[in-house]
Amino acid sequence: MKVCLGMLSALACCNVAWWVEYKRVKALKEHDLFGNPDAIAPISVFWLSPQFVLMGIMDEVALYCIEDFFKYQVPESIRKRYALVLTEAVIGRGNVVYIGLIMLLDVVGMKVRAEDGSWIADTVNQSRLDLFNAALVVVSIANLLIFAYIARFYSYCDFPEEEDD
């Protein structure tokens, strides 16, 4: 259940990021500033606050869930020696997968939008981060559905406490 809450906060974070970026691009277009690398968006920086709050919640929930999983689902003999290493390995693997996803979305974005180029350009005003964030929303929904499907088949293990020698 805790993992699901973390995934829901990730989905909310991506959704809010998409919405804010959509509003920013819309404001730039309304003021004929879109594509101008030196333009300053006519919206407040405080529009970014909700997504950063949600990102902080997501980070803490994810870390807590990983540590909780290793605390209760890994034998004590392994947990004593490798808990921190396993936690960092999971987070590191997630970061590598995320970087690969960014590269994949960038390539797909270039293919889909051949006339405009990449979604991630040299400056934020030339980029289409609204489309990138929308793609992240779709990926987050797919991730949540896959997790829900796999979680149905998972059964928790009870490892007996081992005595210290």
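In which helix is Val139 found? Val139 is found in helix 4, where helices (H or I, at least four residues) and strands (E, at least two) are DSSP runs numbered from the N terminus. The structure is a predicted model, in which local features need pLDDT of at least 70 and side-chain atom pairs count only at pLDDT 80 or more, whereas totals for chains, interfaces and linings use all residues. Residues are numbered from 1 along each chain as its sequence is written, and side-chain values use heavy atoms, with hydrogens and water left out.

Val139 has a relative accessible area of 30% and is therefore partly exposed; buried means under 20%, exposed over 50%, and partly exposed in between (1.4 Å probe, protein chains only). Val139 and Leu11 are 128 residues apart in sequence, yet their C-alpha atoms are 8.9 Å apart in space. Gln126 is partly exposed at 32% relative accessibility.

Phe34 also takes part in a charge-ring arrangement. The charged end of Lys29 sits over the ring of Phe34, 5.2 Å from its centre; the criterion is that NZ of Lys or CZ of Arg is within 6 Å of the ring centre and within 35 degrees of the ring normal.

The aromatic side chains come next. A pair of aromatic rings is described by the distance of the centres and the angle of the planes. Rings of Phe, Tyr and Trp (its six-membered ring) pair if their centres lie within 6.5 Å; planes under 30 degrees apart count as stacked, over 60 as edge-to-face, and the rest as tilted. By this rule the count comes to three aromatic pairs. Among them, Trp18 and Tyr22 have ring centres 5.8 Å apart and planes at 25°, so this pair is stacked. Trp18 and Tyr22 are four residues apart in helix 1, which means a separation of about one helical turn. Trp18 is partly exposed at 28% relative accessibility, and Tyr22 is likewise partly exposed, at 38%. Another of the pairs is formed by Trp19 and Trp47, whose ring centres are 5.3 Å apart and whose planes stand at 40°, so the pair is tilted. Because Trp19 lies in helix 1 and Trp47 in the loop between helix 1 and helix 2, this pair ties together parts that are 28 residues apart in sequence. Trp19 has a relative accessibility of 36% and counts as partly exposed; Trp47 is also partly exposed, with a relative accessible area of 36%.

The loop that holds Trp47 also contains Leu48, and it runs between helix 1 (2-30) and helix 2 (49-73). Leu48 is partly exposed, with a relative accessible area of 31%. Together with Val45, Phe46, Phe52 and Met55, Leu48 makes a nonpolar surface patch of about 500 Å². Patches are made of residues with over 30% relative accessible area and no salt bridge: like charges are joined within 9 Å, and nonpolar side chains (Val, Leu, Ile, Met, Phe, Trp, Tyr) within 5 Å. Accessible areas come from the Shrake-Rupley method with a 1.4 Å probe; for residues, only the protein chains shown count as cover.

Asp32 is found in the loop between helix 1 and helix 2 as well. Its phi is near 50°, a positive value in a residue other than glycine. Most residues other than glycine have a negative phi, and most peptide bonds are trans. Asp32 counts as exposed, at 72% relative accessibility.

How many salt bridges does a search of the whole structure find? The search finds two salt bridges, each defined as a side-chain nitrogen of Lys or Arg within 4 Å of a carboxyl oxygen of Asp or Glu. Glu21 and Arg24 meet in one of them, at 2.6 Å from N to O. Both residues lie in helix 1, three residues apart, about one turn of the helix, and both Glu21 and Arg24 are buried. Arg128 forms a salt bridge with Asp130, with the closest N and O atoms 2.7 Å apart; Arg128 and Asp130 are buried.

The cysteines remain. A disulfide is a covalent bond between the sulfur atoms of two cysteines, and the cut-off for such a pair of sulfur atoms is within 2.5 Å. A search of the whole structure finds zero disulfides. The sulfur of Cys14 has its closest cysteine sulfur in Cys13, at 5.7 Å, too far for a bond. For Cys65, the closest cysteine sulfur is that of Cys4, at 9.8 Å, which is also too far for a bond. Cys14 is buried, with a relative accessible area of 17%, and Cys65 is buried, with 8%.
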